[in-house]
Amino acid sequence: ANIHYCSAEKLKHAFKSFLRAMCSTDHTVAIFIDDIQWMDEGSKDLLGALLQDTSVRNFLLILAYRDSHKNSVETAFPSQMNFDLNIHLNNLDPECVKQIVRKELKITSDLVPNNIGALSNLIVQRTHCNPFHVKQFIRLITTQQLIVYDRQSCTWLFDVDTVQKRTMITESLAEVLSNKIALLHSSTIKVLKLLSLLGYCFTSRMAFDFCSDLSLEGPEKGGGLPLEMSFDKAIEANFLEK
């Protein structure tokens, strides 16, 4: 126990010393940590020590958590929650959703389908204007070919009624994504789990090096997929982007 305590204290000291060295009046450092409601105890302890240290200057810390976990977050950091500013983020308004739809589908002002407004309204109903869910819904209907691009007319073709009937789902979009992941080969799922540790942006070289020692054997007939094929399958399913 003493060894673990000493190691934790050394980590706190090293982290605070690093920030003091990096932060200056000419070089402000900002750190953004998302979904802190899922933070482990060691990370909470490290963050608490940082928040209590007034010697770290020119440093901006941004923490984000979901409203449904507000009580647990405030309980985890009872003495350090007096931040300079608290911002409550609402979902997007319908007009912003329409802009996202046009941007995702690369619709120019001269080639707007007459029913794009109806499609945007349907997406608003299905996603409740959550920006992540909006993009996932658009990918869902394009993957299912409920909306297709016509090269001759250079525009998107779709029928709103058909999209509405084919997407009459009762589960949340998170469950839809979970079901979509479950359909992937076990090798691809292993790769996605490991790559999630790298964050949302990394190079292909970094990804290959990071997964090079990963065992991709699975229960499927024929065994596991080669690493490169697992990446390709994840890209085809829109879980990775080049």
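Student: Which residues of α9 are buried, and how many of the ten is that?

Tutor: In this predicted model, buried means under 20% relative accessible area. Ser-186, Ser-187, Thr-188, Ile-189, Val-191, Leu-192 and Leu-195 of α9 are buried. Helix α9 is therefore largely enclosed by the rest of the structure, the number of buried residues among its ten being seven.

Student: How are α9 and α11 oriented relative to each other?

Tutor: Two packed helices are described by the angle between their axes and the distance between the axes. For α9 (residues 186-195) and α11 (residues 227-236), the axes lie 9 Å apart and the angle is about 80 degrees. Angles of 65 to 115 degrees count as roughly perpendicular. The orientation of α9 and α11 is therefore roughly perpendicular.

Student: Which residues of α11 does α9 meet?

Tutor: From α9, the contact involves Ser-187, Thr-188, Val-191, Leu-192 and Leu-195. By class, the contact of α9 with α11 has six nonpolar, three polar and one charged residues.

Student: Which helix gives the most to the lining of the second largest pocket?

Tutor: The second largest pocket has a volume of about 1,400 Å³, and among its 33 lining residues the closest to its centre are Gly-199, Tyr-200, Cys-201, Phe-239 and Leu-240. By class, the lining has 17 nonpolar, six polar and ten charged residues. Helices α6 (131-143), α8 (173-182), α9, α10 (204-211) and α11 each supply at least two residues. With four residues, the helix that gives the most is α6.

Key: Residues are numbered from 1 along each chain as its sequence is written. This is a predicted model: local features need pLDDT of at least 70, side-chain atom pairs count only at pLDDT 80 or more; totals for chains, interfaces and linings use all residues. Side-chain values use heavy atoms; hydrogens and water are left out. Axes are lines fitted to C-alpha atoms, for helices over the stretch in contact, and angles run from 0 to 180 degrees between N-to-C directions. Angles under 35 degrees count as roughly parallel, over 145 as roughly antiparallel, 65 to 115 as roughly perpendicular and the rest as oblique. Contact means heavy atoms within 4.5 Å. Ala, Val, Leu, Ile, Met, Phe, Trp, Tyr, Cys and Pro count as nonpolar, Asp, Glu, Lys and Arg as charged, and the others, Gly among them, as polar. On a 1 Å grid over the protein atoms alone, a cavity is a set of points where a 1.4 Å probe fits but cannot get out, and a pocket is an open set with protein on both sides within 12 Å along at least five of seven lines; lining residues have an atom within 4 Å of a point. Grid points are joined across faces, edges and corners, and a volume is the space filled by probe spheres set on the points. Buried means under 20% relative accessible area, exposed over 50%, partly exposed in between (1.4 Å probe, protein chains only).
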